[in-house]
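Please look at the sequence and the model first.

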Amino acid sequence: MSYGHPLWRHLMGDELRRLRRERGETLDQTAKRAKVSPQYLSEIERGVKDPSSEMIEAVAGALDVTSIDLARSVVERYPTAQSTGALAAVCRVSFTLAA
């Protein structure tokens, strides 16, 4: 199915991959710290899976960032995120994780 704009899970996955590679880590290393399988982390990075807030928090934590910082980074790095409602998603994620 084509949505005409990037989905939040694709943008977030791209950012997680960028952060992991910036740290010079393999999928195995990051997945081990996040307590997820390397296959699942790969699926998150590729936007195949739409992870729960708990999974996002686990992977973000393994990369030494908060899920809030991750969401903010997605919106700042990908201009299309601002015009597709991702900023609203950041606010929802922020409130959900704070609850």
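## After helix H2

Just after H2, Lys35 has a positive phi of about 60°. Helices here are DSSP runs of H or I with at least four residues, numbered from the N terminus.

The model is predicted, so local features need pLDDT of at least 70 and side-chain atom pairs count only at pLDDT 80 or more, while totals for chains, interfaces and linings use all residues. Residues are numbered from 1 along each chain as its sequence is written, and side-chain values use heavy atoms, with hydrogens and water left out.

## The buried face of H2

Thr30, Ala31 and Ala34 are the buried residues of H2 (buried means under 20% relative accessible area, with a 1.4 Å probe and protein chains only). Seen down the axis of H2, these residues fall within an arc of 100°, taken from the directions from the helix axis to the C-beta atoms, so they line one face of the helix. Their cover includes H1, H3 and H4.

## H2 against H4

The axes of H2 and H4, as lines fitted to C-alpha atoms over the stretch in contact, come within 8 Å and cross at roughly 120°.

Thr30, Arg33 and Ala34 in H2 meet Ala58, Val59 and Ala62 in H4, where contact means heavy atoms within 4.5 Å. Not counting residues up to four places away in sequence, Val59 touches Leu16, Ala34, Leu41 and Ile44.

Conventions: Buried means under 20% relative accessible area, exposed over 50%, partly exposed in between (1.4 Å probe, protein chains only). Helices (H or I, at least four residues) and strands (E, at least two) are DSSP runs, numbered from the N terminus. Axes are lines fitted to C-alpha atoms, for helices over the stretch in contact, and angles run from 0 to 180 degrees between N-to-C directions.
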